[in-house]
Amino acid sequence: MIHAKQLRSFTEQIFQAIGCSEADAQLAADVLVSADLRGVDSHGVARLAGYVRLYDHGRLNPTPAISIVHETPSTAVVDGDRGLGLVVGPWAMRVAIEKARVAGTGWVAVRNSNHFGIAGYHALLAAEHDMIGQAMTHAAPLVAPTFSLDKLLGTNPIAVAIPAATEPTFLADFASTAVAYGKLEILQRKGQDIPLGWAQDANGNPTTDANAVKNGGALLPLGSDREHGSHKGYGLGAIVDIFSGVLSGANYGPWVPPFATAGFMQANEGVGSGTGHFFGAMRIDAFRPANDFKQHMDTWIQRFRSAKSIEGQQVLVPGDPERMLEADRLKNGIPVHETVIKTLEELGERFAVKL
C-alpha cells in the first residue's frame, strides 16, 4: 500500500526527469494517480514506464508547443506536438470550456497527441463549470470488429460527466470493448486466466489466455459476440475512432500508433498525425437554468439508487464505485502490485528518484 501523496510525488519527479516542466509533471502525475485512486489500476502508475518508453523511442515530446490549428466560435482542432496526452487532454478541454462559455457548447478535436490516461478525468473538468463534459479517445489497434480476425480498433473509451446539486457528479467512463487491455495486463502479472468473452485467439476462437492478444489474438468489442451485441460495441468504437482520428487529422483504425504496452512499440506508417482525442463541453444554462437542472439530476440519481434490487446487490449510479474506492484509498493508501512496484523502483534507480 502506498499513499497517494507519495505516489504522486514520485511520478512528478519521473516526468520532470524526462524533461517535462514542473507544471506539466504535476498535471500528468495527477491524472495517473487519480486513476489509481478511483480503482482504474490499469491506467494509473502502472502506465508510467510506458510513457518513459515512448520518450526513449522518440515518440514523446516532453516540452510540446500545443496549439490551435483551426477554429470557429464553437469548435477547434488542437495539435498536441507529440506531447503527453495527460497534458494535451486537459489543455484541449479548457479550450472546449472557453468555447462553451461564449457559444453555449465547445467541441475540440485533437491530433498529434499520445495516450491520455482515463477519459473521466478530462470530462470532469467541464463539470466543475456547470457544464456537461465529454471525452473520448482512440487507441492502438488491439480490437477485432465483429467477425474479423484483423485488429482494426482500439479500446476507444467514452466518458460523460454531468454535475448535480448535492449528489456527486454522474460520471460514465467506459471502454467500447468488453474490457480494457490493462485488465489483461493485471491478470498477466498475477498469472491468471481471463474470463471468456474478453478476447479471441489468433483463429477467432474464444479464449481464457491472458496472453492471447500478444500471441496474435484480439480484444473483443463490448458485447463479446454477435449474439450478445458485439456489433453495438463495434459501432461505439468506430464512432470514437472517426471523431478522434478522421475528424481531427490524427491517425485512425489500424494506423493509430501503439502505446508502450503489450510489447508493441513500432508504429505503422500513418495516414495522419499521432494519436487523436475528442472533447466536448455543454453549458447547462444554454438549455435550462443550471440550478434547476442540477436539482433534477439529484432526483434522477436518488431514484435510481433507491430502485428495488436483486437480493444481496445494490443499484449504483455511474461513478459510484470509483467514488467509494477513492474515499477508501485516500484514507488507507493505494494497493500497488509487486510487479508494478519493481518497475517503479527500476525507474527510480535510473533517474535517481526514491519511491
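Predicted model: local features only at pLDDT ≥ 70, side-chain atom pairs only at ≥ 80, totals over all residues.
Residues are numbered from 1 along each chain as its sequence is written. Local features need pLDDT of at least 70, side-chain atom pairs count only at pLDDT 80 or more, totals for chains, interfaces and linings use all residues, and side-chain values use heavy atoms, with hydrogens and water left out.

Q: Is serine 244 buried or exposed?
A: Buried means under 20% relative accessible area, exposed over 50%, and partly exposed in between (1.4 Å probe, protein chains only). The relative accessible area of serine 244 is 0%, so this residue counts as buried.

Q: Which residues does aspartate 24 contact, leaving aside neighbours within four places in sequence?
A: Aspartate 24 lies in helix H2, residues 22-37; helices (H or I, at least four residues) and strands (E, at least two) are DSSP runs, numbered from the N terminus. At 21% relative accessibility, aspartate 24 is partly exposed. With contact meaning heavy atoms within 4.5 Å, the partners of aspartate 24 are Pro62 and Val87.

Q: Which strands stand at the edges of the open sheet of three strands?
A: Two strands pair if DSSP finds at least two bridges between them. The sheet has the order E8-E7-E9, with antiparallel pairing. Each edge strand has a single partner strand, so one side of each is left without a neighbour in the sheet; these are E8 (206-207) and E9 (218-219).
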